[in-house]
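Trainee: I would like to learn how to read strands and a ligand site from coordinates. Where do we begin?

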Amino acid sequence: MRVVVPRESAAGECRVALVPESVGRLTAAGCEVVVERGAGAAAGFVDEAYVEAGATLAEAAALYDGASVVVRVAKPSAAEAALLGEGTVLIGFLAPLTDAEGLERLRTRGVVGFAMESVPRTTRAQSMDALSSQATVAGYKAVVVAADRVPKMFPLLMTAAGTVAPARVLVLGAGVAGLQAIATARRLGAVVSAFDVRPAVREQVESLGAAFLDLGVRGEETEGGYAKELTAEQQQQQQQALEARIPDFDIVITTALVPGRPAPRLIPASAVQRMRPGSCIVDLAAETGGNCELTQPGDEIVRDGVTIVGFTNLPSQMAFHASQLYSRNVLALLQHLAPEGELALDFEDEITAGACVTRTNEDAA
Ligand code: NAD
């Protein structure tokens, strides 16, 4: 089995799909791994480390020759997809819910696509759950970015010059990213509150030492543990309750998402206006429209003295650890698809079938 690791080409993407540690595991199991020169450089993994792990380096032109599996972080561009041969297995964030055109392109070429977003979030597939690993990185980085923007320190300090009050942080949405943001802000010494529409989350929030903010809104949970979209009336109630509470906070980290839907609008412009100058909002939902009305996806702006950060790829800004975790997820999926070192795709299997988003006619038969 020849596994190919291209250098990511999407703007601002610094991660790499396999790090040398995972490459070593694959080569030890008898797989051939071909890495594009410089693929890991932006994440801190040099070519020599890949060679030491048993990989072969290749230039872009010859990269895909004889590839059985291509592993990526971001979905391939149209030009990259055109280089994939029929029957090649492609693994990456393929955006199955939003990029119909990209999927059609892969289907037409007979590429067997596995989307990391579609790996079932079951206990058995936990080691392959890249949504969680990257959300963990994003939640951590969101707090670090916010800490850097506000003109305040996080912890309570008793100094000879008097007491410094701790920063107050609000986390909206306490899923994987939100819980990591809470833990990180607590470690830095902030006083943290959090809210989520799923009532089951209260206990997790409190176990991390944060207070659960009661906004009087209770949403419902799907069977998969995700939030259901609020009704228009509930949304309005949430916005009003937040508008009243938000001036108490120096930092707001928003992570609220409803799968396959635009991000719920939690913070109207009028609520931003009520925040103290110097405060900061980091909107992790920027890519799907943002939880704050004023968020500019991909950008950082200052409005009424409040910094609003809408970066769309925070894991890429922590590319070393984000790649290391992603790489372990990809390796676990590869080991699942090729338990003996050669691809043995079993579409009766829940993980293989769930993650597969395009397949050849032969596979589908
Ligand atoms: P997500 O990224 O889809 O959403 C983030 C959070 O936003 C969720 O907690 C959601 O309830 C919340 N939210 C949605 N609308 C909101 C609103 N209007 N106001 C406030 N909050 C709102 O979710 P996620 O972080 O990927 O995970 C969500 C669930 O999946 C959790 O229950 C988690 O434990 C579960 N999960 C299970 C596994 C597993 O079993 N292997 C793995 C990962 C996650």
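**Reading strands and a ligand site**

Mentor: Begin with strand E13, residues 280-283. Cys280 and Val282 point one way, Ile281 and Asp283 point the other way, and all are buried. Keep in mind that this is a predicted model.

Trainee: Which strands pair with E13, and in what sense?

Mentor: Pairing is read from bridges, and two strands pair if DSSP finds at least two between them. Strand E12, residues 251-254, is joined to E13 by 4 bridges, and the two run parallel. Strand E15, residues 306-309, also pairs with E13 in the parallel sense, over 3 bridges.

Trainee: Which residues stand opposite each other there?

Mentor: Thr254 stands opposite Asp283 of E13. Ile281 has Ile308 in E15 as its bridge partner.

Trainee: Which strands does E5 pair with?

Mentor: Strand E4, residues 69-74, runs parallel to E5, with 4 bridges joining them. Here Ala74 stands opposite Phe93. E5 also pairs with strand E6, residues 112-115, in the parallel sense over 4 bridges. Phe114 in E6 is the bridge partner of Ile91.

Trainee: What unit do E5, helix H4 and E6 make?

Mentor: They make a right-handed β-α-β unit, with H4 spanning residues 100-109.

Trainee: Take Arg72 in strand E4. Is Arg72 buried or exposed?

Mentor: Apply the cut-off of under 20%. Arg72 has a relative accessible area of 1%, so it is buried. Next, look for what the side chain reaches. For Arg72, that is the backbone oxygen of Ala74, at 2.9 Å. Ala74 is also the residue opposite Phe93 in E5.

Trainee: On to the ligand. Which residues come nearest?

Mentor: There are 24 residues around the ligand, and Arg121, Val176, Asp196, Arg198 and Gln238 come nearest. The shell divides into 12 nonpolar, 8 polar and 4 charged residues.

Trainee: What polar atoms lie by the ligand oxygens?

Mentor: Check N and O pairs within 3.5 Å. A polar side-chain atom of Arg121 is 2.6 Å from a ligand oxygen. A polar backbone atom of Val176 lies 2.7 Å from an oxygen atom of the ligand. For Asp196, an N or O atom in the side chain is 2.7 Å from a ligand oxygen.

Trainee: How much of the ligand's area does the protein bury?

Mentor: Start from the ligand taken alone, which exposes 840 Å². The protein buries 83% of that.

Key:
Residues numbered from 1 in each chain as written. Predicted model: local features only at pLDDT ≥ 70, side-chain atom pairs only at ≥ 80, totals over all residues. Heavy atoms only, no water. Near = heavy atom within 4 Å. Polar contact = N/O pair within 3.5 Å; in protein donor to acceptor, adjacent residues only side chain to side chain. Areas by Shrake-Rupley, 256 points an atom, 1.4 Å probe, with all protein chains shown as cover. Nonpolar A, V, L, I, M, F, W, Y, C, P; charged D, E, K, R; others polar. Right-handed = clockwise from strand over helix to strand, strands pointing away. Buried < 20%, exposed > 50% of the residue type's maximum accessible area, 1.4 Å probe, protein only.
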